[in-house]
Structure formats: structure tokens, C-alpha cells
Amino acid sequence: MRIIGTPELTAFRDQCRTWLGENAPAKPWPMDGEALRDFDLAWQRRQYEGGWAGVSWPKDYGGLGLSLLEQLVWHEEYARAGAPQSRSMFVALSHAGPTLIVQGSEAQKQRHLLPILKGEENWCQGFSEPGAGSDLSNLKTRAEIDGESLIVNGTKIWTTYGHLARWQELLVRTDPEAPRHKGISWVICDMRSPGIEVRPIVTMSGIAHFAQVFYDNVRIPLSNVVGGLHNGWKVAMTTLGFERGTGTIAHQYELARTVDELITMARDLPSSDGRGRAIDDGTTATDLATLRAEVMALRSLAAMTISRGLRQAVPGAEGNIAALYYAELTRRVHAAALDLLGPRGLERTGGHDWPLAFLESFKWGIGGGTSEIRRNTIGERVLGLPKGPSAR
Amino acid sequence: MIVDLLPSEEQQLIDDSVRALLAERLPVERLRETASHGGAAERAAWGDFVALGLFGIGIAEADGGHGLGAAEEALVARALGRHLVSLSVLAQMAAPHLATDDALRTRLISGETRATFATVVDQGTAQRIDGDNADWLILLGEGVALVDVPAEAAPIACLDETVSLARLDGSFPAFERADSADRISLLLAAYLSGIAQATLDMAVAYAATREQFGQPIGAFQAIKHMCADMAVRGAAAEAQVLHAAVAFGAGLDDRAEVACARLLATDAALRNANANIQIHGAMGFTAECDAHLYLKRARLVSVLGSSRQAEQERLLAGVA
């Protein structure tokens, strides 16, 4: 228990801060469609050209190979600068790329890693299916071996930015006879392949965040299988353990900034009875103070995740605690914003689109594991409670 | 700023030795016997606390202490909370920080002179907690002060029957809030985070073994999710307490950090204590099950020199 600081880290922090201060794009950013994708790629390219791409990636593959402490400093400064989140580059940078680094063949790494860092190509994830969401290992998309190819048939859904991605990390069932976790393969899928149809899905926020992808006899070279045929579940699971607390720093800063902004607004806005300021209302003050306490605790939970990451390479299920906390908190923060704004909260104008942020806040308790699944995981894998009927 | 919230080897050693002592001398079951109430069991173990150096742990070596910091104090306070140790022990740890003369400080660290907490009810009334042989009082209000014990104290029955509560009449002026008040609030927050953790452990142990409908009740999501929420609240409170303790005195926003720790630890202790009773079902409502002891202690600590409103004001004031 201590504050970690060395002169070297401080000097490194100054470098990060200077570069980000001069280069991070200012808001507003495109929020949807190809404009969003092009913006994300351009920002990635800028980081590459500035010598800041791939902070956690090995030098052999074009990354910076920074120590975990340096990565943390970079992510803190990135968040402090309010630099854009990776969005349509997220899967490539934080999931597919790291998976290839660990599990990919040399040829796969040479082909794919540098174009990611240079902002030339992005990726999406083809894991969930209409019948396999929380119960992912129930996936049904088939891939039959035909000579040197796999022939894929089936459908994937909730593929974030699937309509904007160049490549996909795709989980398919290559051995239908094997037990459900055993007959799966992790393959690199070219989203321009014949037989792929992508239908964007518009969410409750009005944005086409994700897509359903249909595969009709899509031919994928066998050489695109990563980590061995039928070994895809293990390949997918190794990457899920990559999160050592760096990826959530930006979200946590953003939420803290939002709460500070709400408190400042409450000092300026009139109260609902018009007799004072909104902050003078006891309920409003309670809500905002509680939210501020909780965003501070979120930061402390993240620090705990990071502290564990500094000691062990593969983090345990405890990371679900911070993820669940964030998912619930972000919804409350944005609901409080609308409470505070009253009728003004209906208006989608101005610098901060509060209605959009409110609607978007619902995704965190659903995507990447619902809050209920996270509670099961905390109960069973952190606390050691017996498994329920569904998980047997 | 990168903060390591896990204990160093030395800090782990301190935590382990305090826990070992408490497990041996002050198991929570002791409170089933009235003879242990009011800090009596702690007075019997006083020499062990002194031998461990507990009362001077966060005092500078030049002042006769061990030269450790708020972080180590918080670890000890958390362990005390897990065992529902008399708050007089926490007060004895806090008192040397408030002593202005060297002789008094030395006697407090050596345990010869005893201090206890009293919480200010109004300008003319205070409540003394577990102070049957206290020489000094730490008055807890908006600010704190170390004062002589008034002559008159009227025993009064307390919500927490394991505590000896006494009503004091006198003059209790408001003291301005200073760092010492935040330091004590941090200790109390750490104590509460210990209660949140202990109630979680107790609930999980019961849910994993108590069977109904042919399986442990912890296999049912209604119970499992309650336990998961207890774990989340406990983890958030603990992480914030440790963060505030590490940051304390490092030129950061101590007041808001401590207010945050206190608010969340109070909330976690109370809600986890409630949930623990509920998970124990009818057994949880009985006197023989220890679950009620945590709830009562959490209620008591929640009002010591603190109110939700005061913590909220400190939190909001921290936003520029």
C-alpha cells in the first residue's frame, strides 16, 4: 500500500502528457457510421506516426513493449487528456491483436498486426449468436472442412461495429460431435468474403452500434485458424484474461468528469421550485454526493485491479466486481443528469448530448456479460458459492 | 497517480499478527457473555495490544511511536472491525495523535493512561462509549478534541447491548474540523469496512452449507446475487478506505477522500449486516446467532462524529 512514483515514471508521464496535449483530437467526434470508423482509424494512424501505438504490444510486432507501470501512466494521461476511446478499433487493439500475439502463427502475425497499429485495418468480434449469448459455448455456426478451406454457415449477432470492420475474430463449431467447449475453432474471417451479409442493428439510442452477420457457404482458408483446429474455446478464453485494469481507466475518468460536470451544473441551475439553486435541494445534493463517492470508489476498485495486475500475470474473476460496479453506476449517473436537467434533459442539442449518453449507458449492464451473469461469476468464482442449475 | 492498494510484506506481517491475536483473544463469540461487554474482554487483553505496539503504530518515532502511517493504522482498524473489538481500542490508537504534551502521549502509547470516544449529542450532552475506566475522552463532533473525563456519567442502555454507554452532561463546544478529525473518521471507516467484510464471510459460509429444496441456498440466484452485491459493496468500501489511507497526508484532497470512505463504509457495513441477517433466515433473527451484533455495532459507529449530510457536504465541497 503506497503511492508508486519514480523520477523515470514522472519524466515518462510528462512525455505522454505533452504529446497527447498537442495531438489528441478535440470534440465533437463522429458518433456513427463510416465517419466514425474513418475518424477512429485516422486517430490510430496519428498515434502510430507519433510513436505511441501499441503501448502494451511487443516491439517485435511494432508495439512499444512498455512495462505495465508505463502502460498505466499512458492510459491515465490518455484519459486525463480526454482522448477518444478506441470504439471501432477496440476489438483489433484489445482483443484480436493480443490473441494473435499469443496464439497466432508467425505468418498470421506478420499479416495482421502492423495494419492494426497503423490504423489501416480494424476488426470485429463474431462470438455471440441468437441462441448463444450469456451461454456462449452453445454456439451453432458450423464450419466444415473442405480441402484447404472451411465452409462457414450460420449467423452471429451483436457484432459491435460489424458493418464497419475489415476483419473478424470468428468462433465456429468445427466438430459437432465433440463436447460443447471442445469442437470450436477461432478463425480469422475476411469481412469482404463472398457469402457474408451484414445487417446493421439500430439500438435504442438511434445508433447502429452492432450488426447481425449471416454466413452462406463462406470459404475461409484453413490457414486462418488460430491456435489449432477445435481449440477455439481455449484461444478465446486466454484473451479474456488480458484485462489487467488498464482498459477501464478511460471510462472511469470520463464518468468522474461527468459527475463533476453535474455538480457544477447543479450550482448554476435553478431548483425545481425556483427559489434557489438545484444543489440546495436536499435530494439533489444527496444524489450527487453519493455519485461522487461512487466514482471515487470506482477509481479505487480500478486501483485494486491494477495492484493485483502488478503481482499476477493472469487476473482472477475479481475484475467482475469493478465491471459490475461501473455498469450500474454509469446508468445511475446518466439518469441523475436527466433528473437534474428536468425538461431541458429532453433536448438533444448543445455541447453535451445528455439524452444520448443516458440511452447509451444501458449497454454496460448487458454487453460483454450481463450484470446478472457477473453476479453469478462473483458468487461462484470469487466467493466460492455452489453453481446453480443453469451453470452445471 | 498510480497507487498500490495491496499490502507490502511488512504491512502484511502487521495485518497477520493483529488478526492472529484477535482470533485467539477476542473471537466474536465472546460477546455472547455479558462479562465481555463494555470493553472488559479488551481490558483483559490490554497487555497484548501494548506488546504489539498497537497504540503508537502511526506515531512518529521521534514522538515515541513506530513511525508507520495511516495505511498501517487502517489495516489494524479493519481487523478490529471484523472482530467487533471495543471502540476504546480504536480510541487509544487515535489519542496519541491528539496529545499535545510528550508525557501524556507516552502514557497513552504505553497504555497506562486510557482514552475512549465520546460523541457529542448537543452542546450540553455527550455519550461516552466503553469508557468505564477511561482517563481521557476523545470528543467526536464536527471537529475532535482530547479532554479530561467529566466527573458525572450516567449509564444508559444502548441499542448495542455489548457496549457500555454513558450520558455525560457538561459543556461541549463545537471544534473546528482539522486533519485529526479526518484521521479518526478514516479509522472508523476502516473499522466499518471490516464489519462489511466479516458479515459477507458469515453470509457466504452459511449460504454454502445451509440446504433447502435439496441444495445449498447459495446455489439459488436470489441468495447468490445478494452475496455478490455484498461483495461488491464490501470491495468498494475497502478499496476506498485503503486508497484514502495511502493518500492521507500526501497533499491530496484528504477531506473528500475520507468523507467518501466513511460514507461508503457506513453504507456497506449497514447493508451487509442487514443482508447477513436476512440470509440467515429465522436463525438470523435470534439472539444466539451473531448476525445481530454486527448490525448493532455498525449502527453505533455510523453516528460517531459523523452524519450522512456532513459527509455529503465534504464530498461536494471537493469539486472545484
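Asn217(A) sits in strand β8 of chain A, which covers residues 208–221. This residue is not a glycine, yet its phi is positive, at about 50°. Like everything that follows, that value comes from a predicted model.

Chain A has another backbone feature to look at, this time in a loop. The peptide bond joining Lys27(A) and Pro28(A) is cis, with omega at about 0°. Pro28(A) belongs to the loop between α1 (7–23) and α2 (33–49) of chain A.

Strand β3 (residues 142–146) and strand β4 (residues 149–160) of chain A pair antiparallel, with five bridges between them. Asp146(A) faces Ser149(A) of β4(A) across the pair. Two residues lie between β3(A) and β4(A) in this hairpin, and Gly147(A) in the turn has a positive phi of about 65°.

Further along chain A, two helices pack together. The axes of α8 (residues 282–311) and α9 (residues 319–341) of chain A come within 10 Å and cross at roughly 155°. With angles over 145 degrees counted as roughly antiparallel, that makes α8(A) roughly antiparallel to α9(A). The crossing of α8(A) past α9(A) is left-handed. On the α8(A) side, the residues that meet α9(A) include Leu288(A), Leu291(A), Val295(A) and Leu298(A). On the α9(A) side, Tyr325(A), Tyr326(A), Leu329(A) and Val333(A) are among them. Sorted by class, the contact of α8(A) with α9(A) holds 14 nonpolar, three polar and three charged residues. Glu294(A) of α8(A) and Arg332(A) of α9(A) are both on the list of residues in this contact.

Helix α1 (residues 9–25) and helix α4 (residues 70–82) of chain B pack at an angle of about 25°, and their axes are 9 Å apart. Angles under 35 degrees count as roughly parallel, so α1(B) is roughly parallel to α4(B). This crossing is right-handed. From α1(B), the contact draws on Gln11(B), Ile14(B), Asp15(B), Val18(B), Arg19(B) and Leu22(B). These meet Ala71(B), Glu72(B), Leu75(B), Val76(B) and Ala79(B) of α4(B). By class, seven of the residues in the contact of α1(B) with α4(B) are nonpolar, one is polar and three are charged.

Chain B also holds an open sheet of six strands, in the order β5-β4-β2-β3-β7-β6 and with mixed pairing. At its edges stand β5 (144–148) and β6 of chain B; each has a single partner strand, so one side of each is left without a neighbour in the sheet. From one strand to the next, the twist averages 35°.

Strand β2 (residues 115–122) of chain B pairs antiparallel with β3(B) over four bridges, and Ala118(B) has Arg128(B) as its bridge partner in β3(B). Strand β3 (residues 125–129) of chain B in turn runs antiparallel to strand β7 (residues 165–169) of chain B, joined by five bridges. There, Ile129(B) lies opposite Leu165(B) of β7(B). Strand β6 (residues 154–156) of chain B then pairs with β7(B), again in the antiparallel sense, over three bridges. In that pair, Ala154(B) is opposite Arg167(B) of β7(B).

That leaves the contact between the two chains. Chain B puts in 40 residues and chain A 39 residues. On the side of chain B that touches chain A, two or more residues come from each of β1 (2–4), α7 (179–209), β9 (215–216), α8 (221–247), α9 (254–279) and α12 (308–317) of chain B. The largest share, 14 residues, is from α8(B). This side of chain B is made up of 29 nonpolar, nine polar and two charged residues. Strand pairing also links the chains: strand β1 (residues 2–4) of chain A pairs with β1(B) in the antiparallel sense over three bridges. Within that pair, Arg2(A) has Asp4(B) as its bridge partner in β1(B).

Note on methods. Residues are numbered from 1 along each chain as its sequence is written. Chains are lettered from A and ligands numbered from 1 in the order in which they are written. This is a predicted model: local features need pLDDT of at least 70, side-chain atom pairs count only at pLDDT 80 or more; totals for chains, interfaces and linings use all residues. Two strands pair if DSSP finds at least two bridges between them. Two residues are in contact if their C-beta atoms, placed from the backbone, lie within 7 Å. Ala, Val, Leu, Ile, Met, Phe, Trp, Tyr, Cys and Pro count as nonpolar, Asp, Glu, Lys and Arg as charged, and the others, Gly among them, as polar. Axes are lines fitted to C-alpha atoms, for helices over the stretch in contact, and angles run from 0 to 180 degrees between N-to-C directions. Angles under 35 degrees count as roughly parallel, over 145 as roughly antiparallel, 65 to 115 as roughly perpendicular and the rest as oblique. A crossing is left-handed if the near helix is turned anticlockwise from the far one by less than a right angle, and right-handed if clockwise.
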